[in-house]
There are 2 protein chains.
Amino acid sequence: MLAIMEFSDHTTNDLESLFSPQSIAVVGASADTTNPGSRYVKQLLEFGFNGKVYAVNPKGGEISGLKIYTSLAAVPGPVDYVISTIPADLVPQLIQDCADKGVKLLQLFTARLGETGIPERKQLEERIASLARRAGVRLVGPNCRGLYRPDKGLTFRFTSPKAKGDVAFISQSASHAAELMNRAEFRGLAFSQIVSYGNAVDINETELLDYYAKDPNTRIILAYIEGVRSPDFPKVLKAATRRKPVIVFKVGRTAAGARAASSHTGSLAGSYTIWQSLMQQCGAISVTSLEELVDTAIAFSKLPAPEGRNIGAAGAGGGGSILSADEFELQGLHMPPLPEEVLDELKTFLGDAWMMIKNPVDTSVVPPAVWGVEKVRRILTAVAKNPLYQILVCDSGEWFPDSAADVSKYQDIVSLFLEVKKDIKKPVAIVMRPADHAEEWRWRGLMEQQQCCVQAGAAVFPSVGRAARALSKFVDYHLPPRV
Amino acid sequence: MLAIMEFSDHTTNDLESLFSPQSIAVVGASADTTNPGSRYVKQLLEFGFNGKVYAVNPKGGEISGLKIYTSLAAVPGPVDYVISTIPADLVPQLIQDCADKGVKLLQLFTARLGETGIPERKQLEERIASLARRAGVRLVGPNCRGLYRPDKGLTFRFTSPKAKGDVAFISQSASHAAELMNRAEFRGLAFSQIVSYGNAVDINETELLDYYAKDPNTRIILAYIEGVRSPDFPKVLKAATRRKPVIVFKVGRTAAGARAASSHTGSLAGSYTIWQSLMQQCGAISVTSLEELVDTAIAFSKLPAPEGRNIGAAGAGGGGSILSADEFELQGLHMPPLPEEVLDELKTFLGDAWMMIKNPVDTSVVPPAVWGVEKVRRILTAVAKNPLYQILVCDSGEWFPDSAADVSKYQDIVSLFLEVKKDIKKPVAIVMRPADHAEEWRWRGLMEQQQCCVQAGAAVFPSVGRAARALSKFVDYHLPPRV
């Protein structure tokens, strides 16, 4: 622990400068384009890193038109940042080479170290950390994918989103880093940075948290943590949550999970009960799945602050309406019936049919195709504008058109939701089922509407239950419940 | 309540004969093909109902090549079953017409009755129930979609699955009936029957439950219930669960939900705590969402009975592995580490790399494309066959190929999972993320693999968490936890 503490007074400028390399060498890249090092090289070139990219491998050769240098020393210019994909046994020598070359940051994709639980591997990991410390080389990892920074052209996977956003994600798991990036892109969430930081023998969750808390380009911080490395974590977390929302997914909630965490990144998960109380005391937002991490980020990223807990809703199907009421109520939100003045307004243009309108407004009972878009717009607007409701939830309902012609009915509903959203300053959540249909035309019809909502900046959730959980965390953050 | 009780001694043969009509008249169908009655006529013809279908409307005309009769009396042959889509005010006269024509069963799609909460509408509903009782006409509904029976060619929606299955679903909500049908088809679940039964003024949950409990073509019963109508429900439920699994999704878990239930089908939801204890005492399986209803049905329908609570797993990504361990443990299942004999076997063909193999086996650490399919097959088989594990869970991981060529890597993994499944008598659950990708080739690649699993009879779940919840209910049913 002492070793790590030596760096606790690093300022965030350290990471900002370390994470802004002008030149990168991938040690382990080869002419075989399937190996991880070669993939890093191709990813950086494809993503458009605009500094220098070098490949290093004692075997030499060529990759993507680049010469492969046989050693780091042989690289002609300076190197700020090294990505290592070589076996763990070779890393001690690499650290010496980095020091000699003036490399400031080394990211170890290299694994089979502390996480194996094997004593000599743990010792090797400790030796690597200690050598790097003495050599003045900072480490990301080992056992990680490293940095994604669209503003600097850094990435750790192909087809990474180019959009620059204001959400930072620190992830102890590489696969979670990639999965969240995919899922988030699809839902219109863009990142300032993502760091997959693995075993965290040097740069750890606490230093990263401190950095993103102070980073002016980051508005929301997400974290996936298996085990905390620094005793400063609570202090830094508390300071971070005073500046911006910090949403944390911690695993190792059970003994089996803790064991798995230990054998993934060598983390000590600790007691989850204590963790929960720590989260609360520090003002962090705690979630329990990757899906919930994305959902909650969507709420914070896309919605204006709510002014109350009452939900006015549009739903599809009576069963769905009851389910909504249950889900929101169970999450500490409310779905009060339509007030008299709304009913009175409905009576003016609906006649007897006013009696079929409730909260949620069941759009399957008043399909725009039958009732006319104008009438349904008036109904939705009457609910949306009423001050009783501070949050709006629009569920587009089950999407299962009988024919391609039916697709337009769904479009009518979704367009109405987007119109309501445009007119209203309250938070508006849109619920759309996953587009996992077996038929292409069904998939396409739903996907197009989803992407239309995403492009309009809407907060889209795949189920009412998931919307309810995310909104609940979002509302609790802005309007803490009285205890 | 008395009114309903008069029918409590009906035997199941009553419903079997009522639900097997030779001739159906849709009263309310018209030349306008968008109206609900016209849709029923077209749905029955398209689905292939092989009895007679008649359309009735005082305006006459023609629909889908069928003459529209101006009254029920004008229909030339006998009519067993009438579907009504006419306004509620006209239903009392229709009941008289049904009685005159010898109709035995009347399904009221007709709504705006008790569910509105308006006293005169409730009275009209009671009058309808009482008239039908006196006339000897049984009622399904009002405010419902009625029957889906692939073996008899009955349906309430277009593009209904033709496959005959052994799962019955009774649903107080029409939209949930349709949504579950869609979602279930996609995942390879086929039905004996589905009944959307709405306000349940005559045929209610209890009579339906009794019928399906005794129905030789039904092996599993699913129910979506807003409020119970018959005091015999607990007795009938208990008897039903002695014969087959009964999985119940009850809404109205909160005050707001209960209010919504009342205004959907006029149901009194009652206390959810009492409901939970009733479910337990009766041996029913209780779920809290439509997704969980499908997931749990998939487990019961596709998997052999488990012989223990220990899970051997394949996962993708270290973070995913920890998440799995947490999710299963939280649901009362276990994920013990690999036993010595498995590790010893792995050492014989993996060399040092054995140290990277854990439970779950991380297929991203040992990708078949790099390690060779044969080696990964041997790893998975060693885990699958070990008697320590009584259940297998295979998570195909995040699906986000870089290119179309990458799709084959995913296919390799999924094929291996299916091979393991074929060789093993234990329950095998496969986890595949929803195919809701924005790019067609990604959607198609994933969807084809999903459908491949479904066609192989696999139990496929969209997330580890959902698999864990469903498997937990399934295991508890077969191996009740010691209290």
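## Close-ups of chains A and B

**View 1. Where the two chains meet.** The contact (heavy atoms within 4.5 Å) draws 72 residues from chain B and 72 residues from chain A. This is a predicted model in which local features need pLDDT of at least 70 and side-chain atom pairs count only at pLDDT 80 or more, while totals for chains, interfaces and linings use all residues. Residues are numbered from 1 along each chain as its sequence is written, chains are lettered from A and ligands numbered from 1 in the order written, and side-chain values use heavy atoms, leaving out hydrogens and water.

**View 2. Area buried between the chains.** About 5700 Å² is buried between chain B and chain A, with carbon and sulfur atoms giving 57%; buried area is the accessible area (1.4 Å probe) that two parts lose on being put together, summed over both. On the chain B side, R183(B), I322(B) and D436(B) lose the most area to chain A, together 11% of what that side buries.

**View 3. A salt bridge across the interface.** Here E179(B) and R433(A) join their side chains in a salt bridge, 3.0 Å from N to O. The term asks for a side-chain nitrogen of Lys or Arg within 4 Å of a carboxyl oxygen of Asp or Glu, and the rule finds 8 salt bridges across the interface of chain B and chain A.

**View 4. Two helices of chain B.** Helix α4 (residues 91-101) and helix α5 (residues 119-135) of chain B pack at about 10°, their axes 9 Å apart. Helices are DSSP runs (H or I, at least four residues), numbered from the N terminus; axes are lines fitted to C-alpha atoms over the stretch in contact, and angles run from 0 to 180 degrees between N-to-C directions. α4(B) and α5(B) are therefore roughly parallel to each other (angles under 35 degrees).

How values were computed:
Parallel < 35°, antiparallel > 145°, perpendicular 65-115°, else oblique.
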